[in-house]
Amino acid sequence: MRLILQSLPCIFLAIVCSLSAQTSDVGVTNDVGAESVGELKVSVFYGTNGDVAQAGEGLTALSAKQVEHLKKLKKIKFSHYKVVGEDSQQLLRSYENWAKPLKQSKQILISFQPSGEVVDRSVKLDLEFWQKDKKIMKNAPVLSIGKPLFILGPEWRGGRLIIAVELMSLVGEASAE
Amino acid sequence: MNKPSEKTLRLWLEGELEGDRKQEVESWAETNPEELDAEFKCDIGWDALNDECFASMPASEEPPYPEFFNHKILQTIQEENENALESVKGQELEHASSPGLWQKLRWMLAPAAVAAVAAFYAGSVLSNSSNTLADSKSGVTNNSVYLPNSGIVAAVTESSDATEIVLSGLTPVSDELDIAMSYSNDVFPALIPANYAERSRDERIFNIVSDPEPETYMLTKSVRDAIYYY
């Protein structure tokens with residue numbers, strides 16, 4: 001009996017050490033904040049009422065869904081559109097992520113991170129639009145699948161660059177495509 | 001007492017007598033006024049002297065400093081008026097401290113009106129926010145746009161299909177820059193870093209922020225056409 005009582009502090013110390021080791025392992029391996037809660041797609045369109053050939057080569061045609069979205073816009077209206085670039089990035093639970101739709105240029109950059117939980121298929125973001133090294137705009141939209149955010153951006157080659165931010169999917173939800 | 005000498009009487013009149021001699025002369029003058037008048041030939045009497053004194057005084061005399069005198073009088077009058085006003089105000093305050101029932105209600109009307117307006121405004125805001133929440137289920141809402149740079153203007157348009165933010169005042173992208181997506185290592189292998197595609201996303205993002213001019217990788221459209229021609 002006396003031996004058991006003498007060994008109790010050692011047993012207690014061992015239990016505490018093992019618990020602390022387990023919690024530290026959990027902190028290193030399972031960063032919940034780095035988990036993806038969805039996918040965000042940022043596209044850059046070129047819109048012009050003039051000759052679309054001014055934009056040069058390398059631009060691609062829009063998909064039917066993109067055309068459908070652009071036709072429904074009330075303020076942003078052009079006769080011709082082309083896709084300049086696009087980038088899809090994961091929406092991380094508590095970390096900022098960047099989309100760089102123009103692969104060879106930093107003229108258009110979008111930073112984003114959730115500012116709240118995913119509620120009813122919607123998520124509120126902290127979204128920033130950067131042009132090169134300059135922050136142009138900060139917004140806090142609530143994005144949901146099927147309703148993109150369009151930003152009429154800077155002029156380029158006789159037209160305007162249009163940035164489309166669309167929530168493509170949420171974890172546990174059906175994809176937009 | 002016998003009649004004092006003429007010299008003693010003159011000293012008494014000039015006020016130079018003292019002690020017992022002064023009392024003796026005064027007691028004699030009181031008991032023998034006729035002899036005193038005869039001695040000094042002063043036959044006009046005390047009443048006549050009194051009248052002569054008043055007659056010699058002016059009927060009115062200007063004060064030595066008339067302006068100062070008038071100023072002090074006006075100051076005194078003003079002080080009296082102010083004291084009177086303060087007493088009147090004090091009486092009014094006493095009345096105000098104990099208002100009647102209608103006065104109490106009148107004072108309560110203003111806060112009640114403010115509360116009613118606030119309640120109406122809060123109700124309208126809550127009503128709008130509920131609509132916003134309903135819309136947010138299918139789109140983008142809460143579009144408060146922050147523009148840190150002056151000269152840039154944003155106009156937000158919300159619809160059921162999309163949200164549009166029209167920015168004006170932005171610096172145009174140079175027409176010389178080819179920003180399209182079709183450039184690849186196959187086209188310009190020497191201009192784009194060989195391991196660009198293999199770089200981790202974090203490294204690429206770091207380069208975006210740290211590299212001052214990544215566009216230097218690219219050629220202008222005219223130079224590119226020249227290379228094709230060549």
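**View 1. Helix 2 meets helix 3 in chain B of this predicted model.** From helix 2 of chain B come B:Trp28, B:Ala29, B:Glu30 and B:Thr31. Their partners in helix 3 of chain B are B:Pro33, B:Glu35 and B:Leu36. By class, this contact has four nonpolar, one polar and two charged residues. Helix 2 spans residues 19-31 of chain B, and helix 3 spans residues 33-40. Their axes lie 5 Å apart, at an angle of about 100°. An angle of 65 to 115 degrees counts as roughly perpendicular, so these two helices of chain B are roughly perpendicular to each other.

**View 2. A:Tyr46 and A:Trp156 form an edge-to-face pair.** A search of the whole structure finds three aromatic pairs over all chains. In this one, the ring centres are 5.7 Å apart and the planes stand at 85°. A:Tyr46 sits in strand 1 of chain A, and A:Trp156 in strand 8 of chain A. The pair therefore ties together parts that are 110 residues apart in sequence. Both residues, A:Tyr46 and A:Trp156, are buried.

**View 3. A:Trp98 and A:Trp130 form a tilted pair.** Centre to centre, the distance is 5.7 Å, with 55° between the planes. A:Trp98 belongs to strand 3 of chain A and A:Trp130 to strand 5 of chain A, so the pair links parts 32 residues apart in sequence. A:Trp98 has 13% relative accessibility and so counts as buried.

View 4. The chain B average is a pLDDT of 69. Over residues 125-142 of chain B, pLDDT stays under 50. Where pLDDT is low, predicted coordinates should not be read in detail.

Key
Residues are numbered from 1 along each chain as its sequence is written. Chains are lettered from A and ligands numbered from 1 in the order in which they are written. This is a predicted model: local features need pLDDT of at least 70, side-chain atom pairs count only at pLDDT 80 or more; totals for chains, interfaces and linings use all residues. Side-chain values use heavy atoms; hydrogens and water are left out. Axes are lines fitted to C-alpha atoms, for helices over the stretch in contact, and angles run from 0 to 180 degrees between N-to-C directions. Helices (H or I, at least four residues) and strands (E, at least two) are DSSP runs, numbered from the N terminus. Angles under 35 degrees count as roughly parallel, over 145 as roughly antiparallel, 65 to 115 as roughly perpendicular and the rest as oblique. Contact means heavy atoms within 4.5 Å. Ala, Val, Leu, Ile, Met, Phe, Trp, Tyr, Cys and Pro count as nonpolar, Asp, Glu, Lys and Arg as charged, and the others, Gly among them, as polar. pLDDT is the predictor's confidence in each residue, from 0 to 100. Rings of Phe, Tyr and Trp (its six-membered ring) pair if their centres lie within 6.5 Å; planes under 30 degrees apart count as stacked, over 60 as edge-to-face and the rest as tilted. Buried means under 20% relative accessible area, exposed over 50%, partly exposed in between (1.4 Å probe, protein chains only).
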